[in-house]
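Dear colleague,

I am passing on the structure below, followed by notes on what was found in it. Please read them side by side.

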Amino acid sequence: MKRLRSIRLREWASILPFVAFGLFYFAARAVLEAANLDTRLKVVVALLPIPVFAWLLVSIMSGIRSMDELHRRVHLEALAVAFPLTLLLLMTLGLLELAIELSPDDWSYRHIWPMVWAFYFGGLALAWRRYE
Amino acid sequence: MKNRLRVLRAEYNWTQAELAERLGVSRQTVNAAETGKYEPSLGLAFKIARLFGQRIEEIFHPDEQELSKPDPR
């Protein structure tokens with residue numbers, strides 16, 4: 001029971017860096033969109049989520065290391081799907097940018113990052129289907 | 001690769017979760033290994049063999065069809 005509780009606690013603790021990064025990102029975005037700041041201050045605000053992301057990265061790495069071999073393989077396969085798709089998305093948008101005028105209100109970096117998550121979770125779903 | 005993991009587990013009357021805990025892996029890993037969807041690493045295969053007190057080749061054995069296939073290299 002104690003062990004189960006400690007595992008649950010660890011699972012909840014692993015969510016913290018994700019939540020913190022999300023909070024920092026959306027707060028920075030809100031500030032940059034709403035407030036009229038000096039350019040240097042804007043750059044500082046834009047870079048503010050990076051240290052939190054470092055924490056997130058360390059947490060992801062330690063999470064991967066604590067997984068068993070099947071889970072690691074599933075995540076590797078998810079990355080093998082997500083990484084080329086992300087590359088394809090960025091390269092296609094780059095080419096389209098040369099061909100037509102893409103509205104920054106729809107196709108800026110701040111709009112396309114959720115697709116990268118979608119690729120990764122799609123890859124995870126595909127990989128799990130193979131082993132279930 | 002075929003294996004006798006499910007048969008051995010049944011002999012010991014263990015659930016997949018119990019076997020997984022003894023091996024230090026997840027239940028999904030045990031399930032995928034039992035159904036042949038996942039081939040465990042050599043390290044895990046040794047652990048399994050030691051747990052059941054058998055040699056690796058008594059638990060895991062390759063498909064005859066797989067063996068007769070030519071090396072792709």
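**What was found**

In chain A, the centres of domain 1 and domain 2, taken over C-alpha atoms, are separated by 20 Å. Domain 1 covers residues 1–65 and domain 2 covers residues 67–132 of chain A, the bounds being those of an automatic or database domain assignment.

This is a predicted model, in which local features need pLDDT of at least 70 and side-chain atom pairs count only at pLDDT 80 or more, while totals for chains, interfaces and linings use all residues. Residues are numbered from 1 along each chain as its sequence is written, and chains are lettered from A and ligands numbered from 1 in the order in which they are written.

As for confidence, the predictor gives the complex an ipTM of 0.84 and a pTM of 0.81. Chain B has a mean pLDDT of 90, with 93% of its residues at 70 or more, where pLDDT is the predictor's confidence in each residue, from 0 to 100.

**Helix packing in chain A**

Helix H4 (residues 69–99) of chain A packs against helix H6 (residues 109–131) of chain A at an angle of about 140 degrees, and their axes are 8 Å apart. Here helices (H or I, at least four residues) and strands (E, at least two) are DSSP runs, numbered from the N terminus, and axes are lines fitted to C-alpha atoms, for helices over the stretch in contact, with angles running from 0 to 180 degrees between N-to-C directions. H4(A) and H6(A) are therefore oblique to each other, given that angles under 35 degrees count as roughly parallel, over 145 as roughly antiparallel, 65 to 115 as roughly perpendicular and the rest as oblique. Residues of H4(A), including Leu70(A), Val74(A) and Leu89(A), meet residues of H6(A), among them Ile112(A), Phe119(A) and Tyr131(A); two residues are in contact if their C-beta atoms, placed from the backbone, lie within 7 Å.

Chain B has six helices and two strands, which follow the pattern β-α-α-α-α-α-β-α along the sequence. Its C-alpha trace spans about 40 × 20 × 20 Å along its principal axes.

Within chain B, the axes of helix H2 (residues 16–23) and helix H3 come within 8 Å and cross at roughly 110 degrees, which makes H2(B) roughly perpendicular to H3(B). In this pair, Gln16(B), Ala17(B), Leu19(B) and Ala20(B) of H2(B) meet Arg27(B), Thr29(B), Val30(B) and Asn31(B) of H3(B).

The contact between the chains takes nine residues from chain B and six residues from chain A. On the side of chain B that touches chain A, helix H3 (residues 27–34) of chain B gives the largest share, three residues.

With best regards
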